[in-house]
Amino acid sequence: MTTLNSVGHPSPRIDALKRVSGAATYTGDIRLPGMLYARVLRSPHAHARIRRIDVSKARALDGVKAILTRENCDVVWGSGDTRNKRYLFNNPVRFAGDAVAAVAAVDRHTAEEATRLIEVEYETLPFVLDPEDALKDGAPEIQPGGNLSPNNQGQRQPEVLRRGSIEEGLRAADHVFEDHYTSSHINNAQLEPRVSIAQWEGGRLTVYASTQGISNCHTEIARDLELDAKNVRVVCQFMGGGFGNKNQCHDFDLMAAMLAKQTGAPVKLEFTRKEDYVAVHGRWPTKQYYKVGVRNNGTLTAIQLRGYSGMGPYRKGTGGIAGIEIYQCPHVERTVHPVLTNMAVSANLRGPDYPQGVFGLESLMDDIAYSLKIDPVEFRLKNMTRKFNDQTPYTSIGLEDCIRRGAEAFEWKKRWHAIPGVGDRPAKRGAGMAMGSFFSSLGRSSAVIDVDSRGMYHVHVGVTDIGTAAKTTMALIAAETLGVPLEKIDVIWGDTDRCPYSVGESGSRTTTHTGYAVVEAAKELKRQIAEKGMPRDNDVLTATANTNPTVPGMARYSFVAHFAEVEVDTDLGHVRLVKYVAAHDSGRVVNPLTATSQVKGGATMGIGMALHEGLLYDRASGVPLNAGYYGARVMTHRDAPEIEVLWVETEDAYGPYGAKTLGEPTIIPSVAAVANAIYNAIGKRVKDLPITRDKILGVLA
Amino acid sequence: MKSFANVNARDLKDAALRLKEPNAIAIGGGSDLLGMVKDHLVQPDVLVNLKTIHGLDQISAKSSEVNIGGLVTLDTLSHDPMIRSNYRVLAEAAESVATPQIRNVGTLAGNVCQRPWCWYYRNNFPCFKNGGTKCFSVAGENQFHAIFGGGPSFIVHPSDTAPALVALDARFRIAGPSRERTIPAAEFFALPKVNAAKENVLAKDEILASVHLPRAGKNTRSTYHKVMDREAWTHAVVSVAAVLEMDGQVCKRARIVLGGVAPIPWRLDKVEAMLEGQRITPELAAKAGEGAVAGANPLAKNGYKVPLTKAVVRRTLEGLAQV
Amino acid sequence: MSRISRRRFFEGTGAGIVATAVPVKGQQPARPAVPRTTIQITVNGARQKLEVEDRWTLVEALRDHLGLTGAKIGCDRGECGACTVLLDGKPVYSCSQLAVWADGRSVETVEGLARDGRLDPLQEAFIEHDGPQCGFCTSGQLMSAKALLNRNSHPTADEVRAAMTGNICRCSNYNRYVESVLAAAAAPATTASAAARRKA
């Protein structure tokens with residue numbers, strides 16, 4: 001791979017100074033003159049009809065300026081449910097945490113006090129928490145038409161992927177293995193709690209949102225409030241993480257806007273951490289049933305998955321359970337049921353379809369390898385994907401190198417036991433691995449670059465940088481294409497008044513989509529400079545690129561392989577990470593410094609998902625019990641092992657300088673790698689996430 | 001938060017008198033209590049700030065005892081050289097609590113008087129602790145609840161210092177508006193069958209003013225072993241406070257108290273009797289582990305605490321025997 | 001005196017009318033005045049006089065009333081560490097301290113780390129070693145690290161992790177934070193040239 005001038009060199013974040021000096025302004029830091037504070041009242045019940053709401057006592061409280069309920073606000077939150085109408089305030093309420101009212105007051109304490117003065121008469125209804133139970137006869141109907149959420153064609157059928165004939169594949173097998181796995185609802189738990197500030201100036205609305213997608217927010221707010229797009233501005237200069245659940249406008253953005261309209265004052269609506277855990281969304285819980293057929297020599301003949309994903313009562317996510325695509329196999333059938341339940345809503349969290357599906361599939365593949373007495377690494381090398389869907393060539397694929405080089409760096413042969421559970425008691429060590437892939441999309445985005453007479457280049461992109469160092473990535477790409485040092489680049493971001501469309505920082509698409517637009521805009525600007533010379537005085541040269549590249553006839557994916565060694569104290573059921581190696585093919589790495597941090601972060605999140613996290617519900621009441629950082633046992637400094645990162649940089653002809661997706665692949669194999677390591681250590685498998693102490697002691701008993 | 005007045009107490013008597021008011025609550029470090037106010041678990045109109053009382057934050061060694069003021073922070077306690085060398089179990093227990101930020105302000109008395117972390121209680125279910133007449137954990141999610149002494153409430157006592165203090169035969173000095181009383185630590189804590197709404201015998205207008213430890217015998221060794229569901233910042237799933245007075249290789253006197261398994265610090269007097277007069281061999285440690293779980297009554301989801309307790313008691317004794 | 005009646009959860013199956021109300025008994029529309037206190041605190045070396053509501057937390061006073069928004073509120077329950085400041089030199093969760101308790105005391109926030117336009121070596125190191133991802137936990141991580149280096153200028157990696165255990169990073173950039181603190185501990189005393197290179 002050729003060495004470039006800016007791209008590919010470790011570069012500190014261009015906004016790091018602001019972040020380390022307390023000068024970065026996050027949405028919650030903003031105070032506007034006359035600003036009011038808002039809080040939301042939420043249903044304590046999992047499913048209930050609201051018979052009566054009485055806001056009179058709340059309204060009479062000194063300092064309360066406006067109250068919204070369904071009775072005076074029938075705004076539809078368009079992106080709150082892709083299949084049914086979801087209002088800001090719904091009746092019936094369909095999960096514990098569903099919004100019932102919003103109050104704006106002179107300070108947050110008064111607003112909160114006021115919510116507690118609102119009297120609501122509920123008629124509780126039967127509820128259902130488990131996606132399989134929700135499909136049984138007699139299950140409470142959560143939305144009209146039934147609990148199997150319709151597919152993209154509007155049909156009440158599960159999502160199906162087929163290749164070949166599953167019956168033939170199972171017949172052709174020498175052995176058929178069957179097992180099932182479950183995973184929990186995981187909250188994104190980004191450290192910045194949700195907050196939104198809305199301000200009207202005449203007919204023009206500005207929303208200071210904590211968002212990954214200012215363009216999405218902008219379009220959706222305009223649509224939902226029936227405003228002209230030019231009368232909406234969305235601003236987000238710094239935001240404290242999202243991991244996928246802050247990519248669109250939310251109901252509370254709209255509530256803030258409506259309260260601001262009613263009161264004539266700017267309104268800041270704040271969430272508590274508990275609200276953040278239950279009232280927005282997290283990763284869908286799944287139940288996965290697999291049947292895998294294999295020949296004696298370890299070659300796969302069939303993979304069948306029947307899956308159920310709990311989506312909560314409002315359909316926001318795909319409900320997908322991915323993983324099959326990392327295997328080469330002639331006969332494949334995946335049937336996934338996205339099912340409505342009365343739990344917290346499910347939607348995007350880092351690699352939405354992936355880590356839970358890879359956990360299930362890679363656990364079973366591991367068991368198969370052991371049964372056939374094949375080294376799990378060899379089993380993956382034998383059966384890993386070579387072509388997407390076994391037919392479409394990849395633009396680049398470094399999966400084999402990820403596995404081989406990762407295994408070598410990890411010292412797989414030394415750490416892995418051919419016979420699981422063979423170590424000395426009580427502290428048993430073992431090693432596991434898993435592989436994965438993630439779509440590296442190319443698609444629509446825009447960039448505007450101008451240059452002034454001082455030779456400063458201003459790159460306008462609609463990113464907000466949720467922690468991915470997107471601004472720095474755009475700057476590096478611009479500097480590279482323009483052929484100027486990084487210091488000459490200034491990035492303008494996070495304001496729909498100043499920035500063009502961006503896809504929003506999700507799907508790990510920022511580098512590939514917006515980065516590509518930056519390349520094209522930079523090329524165009526260079527052409528203008530060559531033609532007209534550098535600008536003088538107050539002149540500015542401007543280049544715009546609206547790009548939507550495609551990759552004809554090929555599939556573009558990133559590839560990963562993670563390796564984990566654990567030590568399990570079999571007396572205490574305690575798991576400790578001893579060594580962790582993450583090997584990644586993301587094409588050319590634009591910024592190795594920040595990219596490596598991404599991998600460390602994603603892998604660590606995955607370890608937390610494997611060992612600790614899961615929103616637990618009380619079955620009798622449908623109320624979540626362990627919302628929050630303490631309840632979820634989120635990983636601390638002491639829990640985080642050293643994550644060693646290995647880059648396999650493949651040459652890819654597409655994307656900005658051959659860069660492929662990066663942010664989400666980081667978590668994809670991590671859960672499975674840890675689960676497989678635990679199996680190798682103790683010789684028993686826990687098939688239900690999270691793999692907590694009680695479950696480990698349970699299988700060892 | 002709801003509105004309240006912060007009242008800086010002048011002295012213990014002043015504080016106790018203020019606490020007679022119906023909606024007045026005493027507050028020390030405040031880490032837990034402020035959260036409870038925010039969650040509407042308590043609704044004070046007055047917070048009686050104990051931190052302004054002089055003289056309650058000292059550790060002083062007298063001829064026959066060591067006095068630890070109730071306001072001594074967990075950080076101070078865990079670093080005090082005399083506590084570390086003579087009452088190691090207490091230093092280790094204090095050090096195991098939460099995080100540096102909490103230990104810097106959290107007080108010994110506050111840790112001992114801490115309310116339970118049962119998720120039904122903390123989520124405002126109308127349970128015994130919230131003034132109701134039911135324990136929701138019995139038929140619900142009881143992974144972290146009691147395997148001893150439960151009923152009608154099945155919470156576990158959340159304090160780390162409490163089992164250590166019981167194991168050290170500490171005495172608690174309790175100050176009220178007109179009188180003081182000093183009682184053994186073990187008598188401070190109350191089983192739910194006595195009063196399911198509370199965890200200890202403090203009256204509303206009483207304050208845990210100080211803790212008194214008998215002089216440590218020569219050749220006493222002690223430790224606190226805490227099992228947590230992440231590496232830090234979590235209450236004990238199971239913990240063991242063990243104090244052994246040795247005579248050469250023979251254990252003269254033992255105190256073994258469990259945390260995380262019962263609504264009060266759970267003293268294993270039968271196991272203590274097993275150990276006294278014996279050498280602590282691996283076999284005896286294993287027997288002690290078995291003895292520790294005799295009579296355990298696990299609920300539907302916390303059965304794992306039985307083998308866990310067995311193992312932790314055995315390991316703790318094996319470790320102490322080698323010191 | 002106020003008493004909040006408890007919500008009653010409907011137990012069992014089937015529908016039923018349940019009154020779920022949280023009235024404050026005897027509540028009148030106009031409330032009594034909220035207790036307030038005037039406090040004097042030294043913040044980043046500067047004496048401040050402030051009238052606060054007794055119920056305001058220290059982090060609220062700093063952020064909303066002294067304009068120091070570097071300390072963040074991540075959970076408001078002492079479960080995340082984003083609000084960590086130094087109170088008389090010791091790291092505390094400012095969300096779990098009442099502002100009135102800081103009367104007569106000294107508070108240091110992230111805004112006070114840089115001196116005379118020069119970044120603290122910790123801040124330099126956080127930039128060089130990519131400490132912040134989203135940056136929301138960064139102020140708290142810095143203050144815990146600062147307190148550590150103030151009392152132990154050459155910590156081991158384990159000591160760094162122990163000192164910073166009370167600071168959650170959901171981006172999970174823990175490796176980088178530890179690397180940064182160790183680098184800062186090893187850095188030469190003056191980093192003026194590095195600071196000069198920084199641009200906002």
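## Helix packing in chain A

A crossing is left-handed if the near helix is turned anticlockwise from the far one by less than a right angle, and right-handed if clockwise. By that rule, α9(A) and α17(A) cross in the right-handed sense. This is a predicted model: local features need pLDDT of at least 70, side-chain atom pairs count only at pLDDT 80 or more, and totals for chains, interfaces and linings use all residues. Residues are numbered from 1 along each chain as its sequence is written, with chains lettered from A and ligands numbered from 1 in the order in which they are written.

Helix α9 (residues 355-371) of chain A packs against helix α17 (residues 670-682) of chain A at about 35°, axes 7 Å apart. Axes are lines fitted to C-alpha atoms, for helices over the stretch in contact, and angles run from 0 to 180 degrees between N-to-C directions. Helices (H or I, at least four residues) and strands (E, at least two) are DSSP runs, numbered from the N terminus. α9(A) contributes residues including V358(A) and F359(A) to the contact, and α17(A) residues including A672(A) and Y679(A). Contact requires C-beta atoms, placed from the backbone, within 7 Å.

## Sheet in chain B

Five strands of chain B form an open, antiparallel sheet, ordered β4-β5-β8-β6-β7. β4 (59-61) and β7 (180-184) of chain B are the edges; each has a single partner strand, so one side of each lacks a neighbour in the sheet.

β6 (residues 171-175) of chain B pairs with β7(B) over five bridges, antiparallel. Pairing needs at least two DSSP bridges between two strands. I174(B) has R181(B) of β7(B) as its bridge partner.

How values were computed: Contact = placed C-beta atoms within 7 Å.
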